[in-house]
Amino acid sequence: MISDATILYLSAVDWDAPWHGPQELAKRMGAAGNHVVYVETVGWRRPRLFDARRVLGRARRAAQGGRSHTRRTGPSPGVQLVSPLLIPGAGSSPERSFNRRRLLSAVRPLIGDGRPLILWIYTPAHLTNDFRCAASSFR
């Protein structure tokens with residue numbers, strides 16, 4: 001198991017959603033002595049009606065904090081949660097650029113602790129290149 005690293009974990013699952021592999025993996029990596037920055041669902045598709053409660057909750061938390069994202073300590077040791085407000089299902093170049101800037105502003109303050117940085121992407125493959133390009137400017 002990896003240890004003593006900062007792991008920027010881009011997930012397709014919110015932490016409070018029914019428990020799946022992404023949360024379990026992040027929990028175990030945090031317990032192994034890593035600093036895991038767990039970025040909740042990054043908006044890989046346009047929201048549907050059944051997403052309304054989750055989307056409104058995220059917007060409400062961000063509005064209360066006066067930010068474009070929320071950060072909170074995870075319920076597991078070593079895990080920090082980030083819920084960025086991004087354009088869901090961004091398809092155009094300007095939308096993707098906007099999302100990259102928002103994601104960077106949300107996570108950059110959390111990853112400069114001197115540990116090795118690992119980018120862990122648990123999202124659909126078509127988003128991987130956008131986030132890999134964005135990650136090159138993290139350090």
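# Notebook: aromatic rings and cores

I began with burial: 40% of the chain's 139 residues count as buried (under 20% relative accessible area, with exposed meaning over 50% and partly exposed in between, using a 1.4 Å probe and protein chains only). This is a predicted model, where local features need pLDDT of at least 70 and side-chain atom pairs count only at pLDDT 80 or more, while totals for chains, interfaces and linings use all residues. Residues are numbered from 1 along each chain as its sequence is written, and side-chain values use heavy atoms, with hydrogens and water left out.

**Entry: layout.** I looked up the fold elements next and found four helices and five strands (DSSP runs, numbered from the N terminus: H or I of at least four residues for helices, E of at least two for strands). Along the sequence I read the pattern β-α-β-α-β-β-α-β-α.

**Entry: aromatic pairs.** How many aromatic pairs does a search of the whole structure find? I got four (rings of Phe, Tyr and Trp, the last by its six-membered ring, pair if their centres lie within 6.5 Å; planes under 30 degrees apart are stacked, over 60 edge-to-face, the rest tilted). Tyr9 and Tyr38 have ring centres 5.3 Å apart and planes at 20°, so I noted this pair as stacked. The two lie 29 residues apart, with Tyr9 in strand β1 (residues 6-11) and Tyr38 in strand β2 (residues 35-39). I found both Tyr9 and Tyr38 buried.

Tyr9 also pairs with Trp120: centres 6.2 Å apart and planes at 5°, so this pair is stacked. Here β1 is linked to strand β5 (residues 117-122), across 111 residues.

**Entry: cores.** I checked the largest nonpolar core, which has 11 residues, including Tyr9, Trp15 and Tyr38 (a core being a set of buried Ala, Val, Leu, Ile, Met, Phe, Trp, Tyr and Cys residues joined through side-chain atoms within 4.5 Å). At least two residues of this core come from each of β1, α1 (21-31), β2 and β4 (79-84). A second, separate core has 10 residues, among them Leu10, Ala106, Val107 and Leu110.

**Entry: contacts.** Last, I looked at contacts (heavy atoms within 4.5 Å): of those between residues at least 6 apart in sequence, 70% join residues at least 24 apart.
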